[in-house]
Amino acid sequence: MNIEKLFDILLKEKPSLYIKQNEKELFQLIPELKKSKGFNQNNIWHIYDVYEHILHVVYNTSNNIILRLTALFHDVAKPYVYTEDEN
């Protein structure tokens, strides 16, 4: 996948569907995103893993490339910075 294909996917009516269909290529382009798949947020306010949460946010964001890119990357670092304490 190249950046132009990513932009095309993000600007589709249902971008999350196309993201899932092109996961392998997307993870090659953005390897940091792969770690979010299956990563539990351990938070009562989040019912999805980080990846599914990101996909829902992308889907519910206005069809604007800047906004959708922001939605795609908004939690990408969460698996890398997650810590757990007694709470």
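Visitor: Why is Tyr-82 called partly exposed?

Guide: Buried means under 20% relative accessible area, exposed over 50%, and partly exposed in between, with a 1.4 Å probe and protein chains only. Tyr-82 has a relative accessible area of 30%, so Tyr-82 is partly exposed. This is a predicted model, in which local features need pLDDT of at least 70 and side-chain atom pairs count only at pLDDT 80 or more, while totals for chains, interfaces and linings use all residues. Residues are numbered from 1 along each chain as its sequence is written, and side-chain values use heavy atoms, with hydrogens and water left out.

Visitor: Why does His-53 count as buried?

Guide: The relative accessibility of His-53 is 17%, which is under 20%, and therefore His-53 counts as buried. His-53 is found in helix α5; helices (H or I, at least four residues) are DSSP runs, numbered from the N terminus.

Visitor: What makes a polar contact with the side chain of His-53?

Guide: A polar contact is a pair of N or O atoms within 3.5 Å; within protein, one must be able to donate a hydrogen and the other to accept it, and residues adjacent in sequence count only if both atoms are side-chain atoms. The side chain of His-74 meets this at 3.1 Å, and that of Asp-75 at 3.3 Å.

Visitor: Which other residues of α5 are buried?

Guide: Besides His-53, the buried residues of α5 (residues 50-59) are Val-50, Tyr-51, Ile-54, Leu-55 and Val-58. Their cover includes α1, α2, α3, α4, α6 and α7, where contact means heavy atoms within 4.5 Å. At the start of α5, a side-chain oxygen of Asp-49 comes to within 3.1 Å of the backbone nitrogen of Tyr-51.

Visitor: Why are the buried residues of α1 said to line one face of the helix?

Guide: In α1, Leu-6, Ile-9 and Leu-10 are buried. Seen down the axis of α1, they fall within an arc of 95°, so they line one face; the arc is that of the directions from the helix axis to the C-beta atoms. These residues pack against α2, α3, α5 and α6.

Visitor: Which residues touch the most other members of the largest nonpolar core?

Guide: A nonpolar core is a set of buried Ala, Val, Leu, Ile, Met, Phe, Trp, Tyr and Cys residues joined through side-chain atoms within 4.5 Å. The largest has 18 residues, and Leu-6, Leu-10, Ile-19, Leu-33, Val-58 and Leu-72 touch the most other members. Two or more residues come from each of α1, α3, α5 and α6, with α5 giving the most, five.

Visitor: What makes Phe-27 and Tyr-51 an edge-to-face pair?

Guide: Rings of Phe, Tyr and Trp (its six-membered ring) pair if their centres lie within 6.5 Å; planes under 30 degrees apart count as stacked, over 60 as edge-to-face and the rest as tilted. For Phe-27 and Tyr-51 the values are 5.6 Å centre to centre and 65° between the planes, so the pair is edge-to-face. The pair links α3 with α5, 24 residues apart, and both residues are buried. Phe-39 and Tyr-82 are likewise edge-to-face, at 5.5 Å and 80°.

Visitor: How do you know that the charged end of Lys-35 sits over the ring of Tyr-80?

Guide: A charge sits over a ring if NZ of Lys or CZ of Arg is within 6 Å of the ring centre and within 35 degrees of the ring normal. The charged end of Lys-35 is 4.6 Å from the centre of the Tyr-80 ring and sits over it. Lys-12 sits over the ring of Tyr-18 at 5.0 Å.
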